[in-house]
Amino acid sequence: MGNPLVTILGVGNFLFADEGFGIRVIEKLQAEYRFPEEVLVVDGGVLGIHLLGVISQPDHLIVVDAVRNRGKAGDLYRLAGEDIPRRVLAKNSLHQVDLLEALTLCQALDKVPETVILGVEPEDIETLSLEMTPAVRRQVAPMVARVLQELDRLGVTYSRRSPS
């Protein structure tokens with residue numbers, strides 16, 4: 001039996017301030033770490049339902065996103081199990097609803113990955129800006145650490161790239 005397949009998926013739209021948080025975390029992971037071939041690190045953007053092929057393949061899915069959870073800007077969350085549909089259906093953004101639909105469709109394919117959503121409480125997801133708010137920008141590195149903790153939990157090894 002081989003190692004479990006893991007997909008780390010960042011979703012969001014980097015054109016709308018904090019909405020791009022998941023993408024920024026993926027960029028940092030790709031720039032600073034090397035992962036074994038059974039780990040796929042994906043910038044999912046706002047593809048939503050079109051990500052079905054990506055999310056139906058792994059045994060474990062780690063999604064990184066901005067998630068409104070009634071906290072203060074910059075709060076970090078880990079959602080798993082029954083917490084996922086409840087929070088995603090709170091309608092944080094259109095791509096999150098599509099993501100839930102894609103996860104639901106995985107049941108039809110008989111391949112539902114164990115899913116964890118790692119989220120940050122956004123401050124602003126409506127302003128057209130490439131810059132995240134300071135409270136959310138400060139959470140990129142801590143979120144990278146949380147993603148790595150999830151990999152540790154799964155027994156996946158990775159290494160840090162040498163600074164260039």
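## Basis of the model

Helices (H or I, at least four residues) and strands (E, at least two) are DSSP runs, numbered from the N terminus. By that naming, L15 sits in the loop between β1 and α1. The structure is a predicted model, in which local features need pLDDT of at least 70 and side-chain atom pairs count only at pLDDT 80 or more, while totals for chains, interfaces and linings use all residues. Residues are numbered from 1 along each chain as its sequence is written, and side-chain values use heavy atoms, with hydrogens and water left out.

## The nonpolar cores

A nonpolar core is a set of buried Ala, Val, Leu, Ile, Met, Phe, Trp, Tyr and Cys residues joined through side-chain atoms within 4.5 Å, where buried means under 20% relative accessible area, exposed over 50%, and partly exposed in between (1.4 Å probe, protein chains only). The largest such core has 27 residues, and V6, I8, F21, V25, L29, F35 and L151 have the most contacts inside it. At least two of its residues come from each of β1 (6–11), α1 (21–32), β3 (39–45), β4 (60–66), β6 (114–120) and α6 (140–154), with α6 giving the largest share, 7 residues. Another core, of 15 residues, lies apart from it and includes V67, L99, A102 and L103.

## Helix α1 and L29

In α1, the buried residues are F21, G22, I23, V25, I26 and L29. Leaving aside neighbours within four places in sequence, L29 is in contact (heavy atoms within 4.5 Å) with I8, F35, V144, V147 and L148.
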